[in-house]
Amino acid sequence: MQRITILGATGSIGVSTLDVLARHPDKYEVYALSAHSRVAELAAQCRQYRPARAVVGTPEAAAELARLLGDLAVDVAWGEAALCEIASAPETDAVMAAIVGAAGLAPTLAAARAGKKVLLANKEALVMSGQLFMDAVREHKATLLPIDSEHNAIFQSLPGSYAREPDAAGVAKILLTASGGPFLNRAVETLEAVTPEEACKHPNWSMGRKISVDSATMMNKGLEVIEAHWLFGAPADRIEVVIHPQSVIHSMVSYVDGSVLAQLGNPDMRTPIAHALAFPERIDSGVAQLDLTALAALQFHRPDFARFPCLALAFDALRAGGTAPALLNAANEVAVESFLARRIGFRDIDRVVRRVMDENAHGAAHDIEAVMGQDERARAAAQQIVAAIARH
């Protein structure tokens with residue numbers, strides 16, 4: 001029986017994880033759940049799955065959760081320290097790291113340092129502090145399994161010997177597929193007028209608002225490029241993004257002998273979640289089998305950097321190294337939040353990120369303090385730029 005902690009239980013990944021766990025009550029037990037502010041949803045999950053512990057973002061939310069749970073035996077806590085505690089607790093075997101944004105960095109790192117099986121759905125842990133995080137995984141003998149459908153597909157398409165002998169595996173290139181989001185075929189000159197509602201309407205995937213906007217700008221894919229670099233030890237020139245609107249091929253690995261191995265499946269996050277939970281075995285995810293005869297066609301295109309400048313910015317940050325990816329991520333989080341609040345326009349997102357990266361020096365990511373300091377400075381700079389745009 002594996003005991004699971006889910007960081008970000010009320011988000012789309014957390015809900016999908018609980019759905020998979022519920023299908024296998026003989027194999028998995030929920031140890032702890034967390035949410036930032038969705039107290040009512042978390043309370044409902046606690047009543048259904050009976051975790052030992054639950055963590056929220058603020059003392060007010062903790063008080064409300066305790067009230068809603070009544071005499072249910074759940075230890076309620078709040079804040080980053082509590083998140084780190086449930087992620088590293090001796091009672092938990094595996095941690096689903098699904099908190100969106102920089103807020104997920106500390107507890108995900110805590111899980112790695114505790115030697116846990118880390119199911120990584122939080123991109124920022126690798127984007128902001130890739131070397132530090134991978135060093136922690138190796139030093140503390142944690143198990144790291146990617147949950148992003150693209151990285152999970154790559155993981156499945158690589159030989160089992162790759163982690164031990166990457167140079168002998170014959171890998172020529174990693175091919176990350178991208179749907180292209182809701183604006184793949186929309187005239188570029190009309191993107192200035194995009195609304196938050198339009199940006200959040202992804203054609204294939206059901207995701208949270210922030211990730212949906214990142215998909216529309218393709219910053220999400222840019223963050224995945226940086227993540228792939230750290231997960232698979234691939235330099236920027238061996239990672240390629242391919243637009244694949246149907247989202248059936250989740251990613252591919254190209255080999256030196258000309259072979260290309262791909263992982264296919266219906267676009268449902270329960271597939272990679274089930275794969276990582278049971279690895280190296282397989283369990284039912286609840287996802288329908290892919291009917292290849294029902295597919296009219298599979299299309300592939302090169303990404304247009306004029307349409308998706310955020311993707312180019314992510315490659316720039318990866319090549320710059322150090323704390324440049326932390327700059328990129330922080331500026332993007334501020335810009336997306338501002339767009340969703342209607343303070344700036346859709347195309348202002350990449351402008352804010354570019355200005356923050358151009359106007360702020362980056363250094364070495366030698367410790368978590370350096371990374372978080374850069375994150376804080378980038379957020380302040382991005383807020384100033386947003387304020388200037390909003391005034392006009």
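Predicted model: local features only at pLDDT ≥ 70, side-chain atom pairs only at ≥ 80, totals over all residues.

**Entry 1: the annotated binding site.** I began with the UniProt record, an unreviewed entry. Its "binding site" annotation covers Lys-123, Ser-149, Glu-150, Ser-179, His-202, Ser-215, Asn-220, Lys-221 and Glu-224. From this set, Ser-149 is part of the lining of the second largest cavity.

Is Ser-215 buried or exposed? Its relative accessibility is 10%, which is under the 20% cut-off, so I wrote it down as buried.

Next came His-202, which I located in the loop between helix 8 (196-199) and helix 9 (209-217).

**Entry 2: Asn-332.** I moved on to helix 13 (residues 324-340), where Asn-332 sits. Its relative accessible area is 0%, so I noted it as buried. What does Asn-332 touch, apart from its neighbours within four places in sequence? I listed Lys-210, Asp-214, Met-219, Ile-349 and Val-353.

**Entry 3: helix 13 against helix 14.** I wanted two values here, since packed helices are described by the angle and the distance between their axes. The axes of helix 13 and helix 14 (residues 348-359) come within 9 Å and cross at roughly 150°. That angle is why I call the two helices roughly antiparallel. Their crossing is right-handed. On the helix 13 side, the contact is made by Leu-327, Leu-328, Ala-331, Asn-332, Ala-335, Val-336 and Phe-339. Helix 14 brings Ile-349, Val-352, Val-353, Val-356 and Met-357.

**Entry 4: helix 4 against helix 5.** I repeated the check on helix 4 (residues 80-88) and helix 5 (residues 105-113), whose axes come within 8 Å and cross at roughly 30°. This angle makes helix 4 roughly parallel to helix 5. The crossing is right-handed. Glu-80, Leu-83, Cys-84, Ala-87 and Ser-88 of helix 4 meet Ala-106, Pro-107, Ala-110 and Ala-111 of helix 5.

**Entry 5: helix 1.** Last, I asked which residues of helix 1 (residues 12-22) are buried. I noted Ile-13, Gly-14, Ser-16, Thr-17, Leu-18, Val-20 and Leu-21. Their cover includes strand 1 (2-7), strand 2 (28-34), helix 2 (39-49), strand 5 (94-97) and helix 11 (270-278).

Conventions
Residues numbered from 1 in each chain as written. Heavy atoms only, no water. UniProt positions renumbered as here; feature names shortened; annotations may be inferred. 1 Å grid on protein atoms, 1.4 Å probe; cavity = no way out; pocket = protein on both sides within 12 Å on 5 of 7 lines; lining within 4 Å. Helix = DSSP H or I, 4+ residues; strand = E, 2+ residues; numbered from the N terminus. Buried < 20%, exposed > 50% of the residue type's maximum accessible area, 1.4 Å probe, protein only. Contact = heavy atoms within 4.5 Å. Axes fitted to C-alpha atoms, helices over the stretch in contact; angles between N-to-C directions. Parallel < 35°, antiparallel > 145°, perpendicular 65-115°, else oblique. Left-handed = near helix turned anticlockwise from the far one by under 90°.
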